[in-house]
Amino acid sequence: MDTISKGFERNGNWEFIQFLSMSKASCGALNSPLNHTLDCNHIDEDTFNVLLEKVLFESKKNSSFLNHLYKSEYKGSKFN
């Protein structure tokens, strides 16, 4: 959420897209520690599945927002 809000404050779609992409990448970066946590038996498989589902959901929301911004003709308030 912090990364997304930083991008939003840049007042331009291309900067916002860049920060949304970083946020999406952060979702992907959670896969490795989640799998490691499961492999080390620190969480059970049900907990792993719940957490993974949440990470994937957030990643998909970022993707949808990115697609919207790519198609938008609005370039940001600093370009008005």
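Reader: Which residues is Asn13 in contact with, leaving aside its neighbours within four places in sequence?
Author: Contact here is heavy atoms within 4.5 Å. This is a predicted model with residues numbered from 1 along each chain. Local features need pLDDT of at least 70, side-chain atom pairs count only at pLDDT 80 or more, totals for chains, interfaces and linings use all residues, and side-chain values use heavy atoms, leaving out hydrogens and water. With those neighbours set aside, Asn13 touches Leu69, Ser72, Tyr74, Lys75 and Gly76.

Reader: Does Asn13 count as buried or exposed, and why?
Author: The scale is relative accessible area with a 1.4 Å probe, protein chains only: buried is under 20%, exposed over 50%, partly exposed in between. Asn13 has 8% relative accessibility, so Asn13 counts as buried.

Reader: How are α2 and α4 oriented to each other, and why?
Author: Axes are lines fitted to C-alpha atoms over the stretch in contact, with angles from 0 to 180 degrees between N-to-C directions. The axes of α2 (residues 13-29) and α4 (residues 45-71) come within 9 Å and cross at roughly 160°. Angles over 145 degrees count as roughly antiparallel, and α2 and α4 are therefore roughly antiparallel.

Reader: What's the count of disulfides?
Author: The rule wants a pair of cysteine sulfur atoms within 2.5 Å. As for cysteines, Cys27 is buried at 10% relative accessibility, while Cys40 is partly exposed at 35%. By that rule, the count is zero.

Key
Helices (H or I, at least four residues) and strands (E, at least two) are DSSP runs, numbered from the N terminus. Angles under 35 degrees count as roughly parallel, over 145 as roughly antiparallel, 65 to 115 as roughly perpendicular and the rest as oblique.
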